[in-house]
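Biologist: I'd like to go through this one with you, a question at a time. Could you put it up on the screen?

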Amino acid sequence: MSNIFSLEGKNAWITGASYGIGFNIAKAFVAAGAKNIIFNDINEAALERGLANYKEAGIENVHGYVCDVTDEVAVKALVEKIHAEVGQIDILVNNAGIIKRIPMHEMKREEFQQVIDVDLVAPYIVSSAVLPEMMERREGKIINICSMMSELGRETVSAYAAAKGGLKMLTRNICSEYGEYNIQCNGIGPGYIATPQTARSVSARATAAAIRSTVSSAPRHQRDAGSTRPNSADRRCSSPRTLPMPSTAMSSMWTVVSSPTSESSPNNDLSGC
Ligand SMILES: NC(=O)c1ccc[n+]([C@@H]2O[C@H](COP(=O)([O-])OP(=O)(O)OC[C@H]3O[C@@H](n4cnc5c(N)ncnc54)[C@H](O)[C@@H]3O)[C@@H](O)[C@H]2O)c1
């Protein structure tokens with residue numbers, strides 16, 4: 001029987017894969033035999049950093065491009081370029097993402113919208129751009145990097161949770177809409193992984209301790225008389241105080257990625273983004 005995990009001969013496009021989770025997915029794909037890795041990032045500096053990372057990892061069959069995944073025209077143009085310079089796109093990983101930790105009532109509409117655009121609208125844009133070729137070939141894989149926040153809610157991440165919850169349902173819908181074309185779509189809901197996205201805002205150790213001590217479904221603790229509520233500025237980048245562990249809420253279509261990236265520390269396994 002052939003190795004069903006082999007990616008031999010496959011071209012994989014991973015959005016936002018200069019570093020972090022996307023870069024590590026790329027490395028795993030190469031180890032599984034992928035023929036070409038295609039990645040894009042938002043600007044030249046990120047692209048250069050990515051190309052250097054791939055070089056350092058000894059990955060040669062890589063094609064990097066600058067492209068903002070929220071720009072529909074640019075994405076369509078990039079798909080054409082990939083076809084011309086690399087070939088067909090067998091696998092798409094919608095990985096590019098952002099998070100803004102701001103209490104919802106303080107979040108500007110533009111800030112909320114930006115998270116929705118990158119984390120939910122962009123996977124629609126990029127998937128829509130590659131689906132026609134996959135439908136024609138009657139073969140294709142789309143992987144959406146969702147989150148534990150696809151299932152849960154938490155302080156300060158309203159836009160992110162809304163987007164990642166939507167991405168989970170977009171994943172399910174792609175399955176039902178394009179399954180007949182032999183196109184599979186899966187969502188991955190990683191737990192906390194230390195990457196540039198998470199490193200800025202929380203200390204992994206503090207996060208893990210906070211999570212162990214609280215459960216989001218539990219009622220908020222009554223504050224002692226005279227205690228002061230943290231002001232909003234503090235909460236913008238605060239460590240999360242409420243988060244349950246991922247559990248049976250994850251449906252069978254989910255894989256929980258727990259393998260740390262090279263930037264991770266031993267204490268970073270519990271939080272959620
Ligand atoms: N790190 C975690 O703990 C965690 C947990 C759950 C889910 N995720 C998700 O995993 C994915 C990768 O996260 P990460 O932690 O590696 O983040 P990261 O910040 O390290 O990488 C995200 C990449 O996306 C790129 N990007 C952002 N906006 C873009 C745009 N408009 N166009 C093109 N590229 C853009 C960034 O430049 C960066 O290279 C994201 O979707 C994130 O929400 C991360």
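This is a predicted model: local features need pLDDT of at least 70, side-chain atom pairs count only at pLDDT 80 or more; totals for chains, interfaces and linings use all residues.

Biologist: Okay, how far apart are the end C-alpha atoms of helix α2 (residues 44-56)?

Modeller: Start from the 13 residues of α2, which at 1.5 Å a residue should span 18 Å. The model agrees with that expectation, as the end C-alpha atoms are separated by 18 Å.

Biologist: Which residues of α2 are buried, and where do they sit around the axis?

Modeller: The buried ones are G50, N53 and Y54. They cover an arc of only 95 degrees around the axis, so they sit on the same side of α2.

Biologist: And which exposed residues are on the face of α2 turned away from that buried side?

Modeller: First, the cover: α1, β2 and β3 (62-66) are included in what lies over the buried residues of α2. The face turned away from the buried side carries exposed residues, namely E44, A45, A52, K55 and E56.

Biologist: Is I89 buried or exposed?

Modeller: I89 is found in the loop between α3 (72-85) and β4 (91-94). Leaving out residues up to four places away in sequence, it touches N11, W13, I82, V130 and E133. The cut-off for burial is 20 or more other C-beta atoms within 10 Å. I89 has 24 C-beta neighbours inside 10 Å, so it counts as buried.

Biologist: How far is the C-alpha atom of I89 from that of N11?

Modeller: Along the chain these two are 78 residues apart.

Biologist: Last one: which elements each supply at least two residues of the shell around the ligand?

Modeller: The ligand is surrounded by 29 residues, with G16, G20, G97, T195 and Q197 the closest. By class, the shell has 14 nonpolar, 13 polar and 2 charged residues. The elements that each supply at least two are α1 (20-31), β2 (36-41) and α6 (196-199).

How values were computed
Residues are numbered from 1 along each chain as its sequence is written. A residue is near a molecule or strand if its C-beta atom, placed from the backbone, lies within 6 Å of it. Helices (H or I, at least four residues) and strands (E, at least two) are DSSP runs, numbered from the N terminus. Ala, Val, Leu, Ile, Met, Phe, Trp, Tyr, Cys and Pro count as nonpolar, Asp, Glu, Lys and Arg as charged, and the others, Gly among them, as polar. A residue is buried if 20 or more other C-beta atoms lie within 10 Å of its own, exposed if 12 or fewer, and partly exposed in between; C-beta atoms are placed from the backbone. Two residues are in contact if their C-beta atoms, placed from the backbone, lie within 7 Å. The expected span of a helix is 1.5 Å times one less than its number of residues. The arc is that of the directions from the helix axis to the C-beta atoms.
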